[in-house]
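Keep the viewer open and follow along.

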Amino acid sequence: MGVLSDKISREQLKPGDHIYSWRTAHIYAHHGIYTVEGMVIHFTRASFQEIDAGTESDHNLFTSAPSHPLDPPCPRCGYHLRLRGGVISTCLDCFLHGGDLYLFRYDVSLAFFIAKFRGGTCTLAAADPPEVVIHRATFLLQHGFGVYQIFKNNCEDFAIYCKTGLLVFTNTSVGLSGQAVALFAIVSAIISSPLRFLTTGFTGLAVIGWAMFSVSRLVSDLAIRRDVIKVSVERLVVYSGLDEQSITNMTKEDFITETALEE
């Protein structure tokens with residue numbers, strides 16, 4: 001496990017780990033929280049659900065688990081790919097769906113973060129203790145995590161919240177997901193930078209593009225962003241019934257910090 005790969009074995013898993021597995025030719029990854037005895041709590045959607053603000057191409061590329069309507073439920077955890085959605089608890093095999101197992105890294109160095117080209121694999125932010133992480137995940141298993149949205153409220157956002165208790169409190173186009181941030185960073189590096197006019201050579205454009213991409217990823221990391229706040233899972237559920245604009249209009253003082261259990 002290192003800069004080139006965060007792949008781990010099942011024997012290395014610990015309760016409270018944030019894990020992920022690549023889907024669809026490594027286009028995106030599905031994230032979850034490992035609990036105990038080979039079980040994972042993760043945020044997904046049933047294949048018949050619409051993705052908020054999504055398209056049919058979103059459905060095909062970004063569904064958390066492929067749809068196989070004729071597959072029977074898992075004999076171990078009862079998970080059915082087509083019928084189950086929301087925050088769910090499944091066995092590790094169902095979570096991986098034939099893919100490899102990877103560990104999401106927290107509290108990494110700046111050099112390590114910049115060296116990781118793929119978004120959604122690490123963060124500069126520190127994680128909370130495992131018992132706090134599992135408490136959040138199991139609480140949300142009972143109460144839900146809102147509406148699934150590709151760029152603002154997806155499986156990675158869920159796992160990062162469970163690990164850190166951090167949420168975006170402003171009305172932005174992207175949440176905490178490193179995968180979504182990386183996508184926006186690529187677009188920014190290609191289109192938005194005026195520095196692209198300083199050179200016409202391929203090498204120069206590549207260097208400028210890489211620099212802009214890295215800076216965009218860095219300033220969007222949850223350890224750097226100014227629009228994140230720590231919210232207790234109990235208060236999160238209280239506010240989950242409010243619409244997005246109502247939550248956006250709230251100030252930081254409207255939220256409470258973590259309870260004594262999470263300190």
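Predicted model: local features only at pLDDT ≥ 70, side-chain atom pairs only at ≥ 80, totals over all residues.

Residues are numbered from 1 along each chain as its sequence is written, and side-chain values use heavy atoms, with hydrogens and water left out.

Here pLDDT is the predictor's confidence in each residue, from 0 to 100. The protein averages 75, and 61% of the residues score at least 70. A contact means heavy atoms within 4.5 Å.

## Overall make-up

The secondary structure comes to 9 helices and 7 strands. These are DSSP runs numbered from the N terminus, where helices are H or I with at least four residues and strands are E with at least two. Of the 263 residues in the protein, 48% are buried. Among contacts between residues at least 6 apart in sequence, 65% join residues at least 24 apart.

Ser-21 is found in strand S1, residues 18-23. Is Ser-21 buried or exposed? With a relative accessible area of 0%, it counts as buried. Its neighbours, leaving out residues up to four places away in sequence, are Tyr-28, Ala-29, His-30, Phe-95, Leu-96, Gly-99, Asp-100 and Tyr-102. One of these also pairs up with the serine side chain: the backbone oxygen of Asp-100 lies 2.8 Å from a polar atom of the side chain of Ser-21.

Helix H4 covers residues 130-143, so 14 residues by the helix definition. H4 reaches 20 Å from its first C-alpha to its last, close to the 20 Å expected at 1.5 Å a residue (that is, 1.5 Å times one less than its number of residues). Its buried residues are Val-132, Val-133, Ile-134, Arg-136, Ala-137 and Leu-140. An α-helix has 3.6 residues a turn, so residues three or four places apart point the same way. After H4 comes Gly-144, with a positive phi near 90°. His-135 also lies in H4, and at 21% relative accessible area it is partly exposed. The side chain of His-135 makes a polar contact with the side chain of Glu-234 at 3.0 Å. (A polar contact is a pair of N or O atoms within 3.5 Å; within protein, one must be able to donate a hydrogen and the other to accept it, and residues adjacent in sequence count only if both atoms are side-chain atoms.)

Which residues have the most contacts inside the largest nonpolar core? They are Leu-140, Phe-145, Phe-158, Tyr-161, Cys-162 and Leu-236, in a core of 20 residues. Strand S3 (39-44), H4, helix H5 (155-164) and helix H8 (233-239) each give two or more residues to this core, and H5 gives the most, with 4. A nonpolar core here is a set of buried Ala, Val, Leu, Ile, Met, Phe, Trp, Tyr and Cys residues joined through side-chain atoms within 4.5 Å. Not counting residues up to four places away in sequence, Phe-145 touches Phe-43, Val-87, Leu-140, Asn-153, Asp-157, Phe-158, Tyr-161, Leu-167 and Leu-236.

A search of the whole structure finds 0 disulfides, a disulfide being a pair of cysteine sulfur atoms within 2.5 Å. For Cys-77, the nearest cysteine sulfur is that of Cys-74, 3.7 Å away; Cys-77 is buried at 18% relative accessibility. For Cys-94, the nearest is again the sulfur of Cys-74, at 3.5 Å, and Cys-94 is buried at 16%.

## Two positive phi values

Most residues other than glycine have a negative phi. His-97, in the loop between helix H2 (92-96) and strand S5 (102-103), has a positive phi near 50° and is partly exposed at 33%. Asp-107 has a positive phi of about 60°; this residue lies in the loop between S5 and helix H3 (110-115) and is exposed, at 54% relative accessibility.

Notes
Buried < 20%, exposed > 50% of the residue type's maximum accessible area, 1.4 Å probe, protein only.
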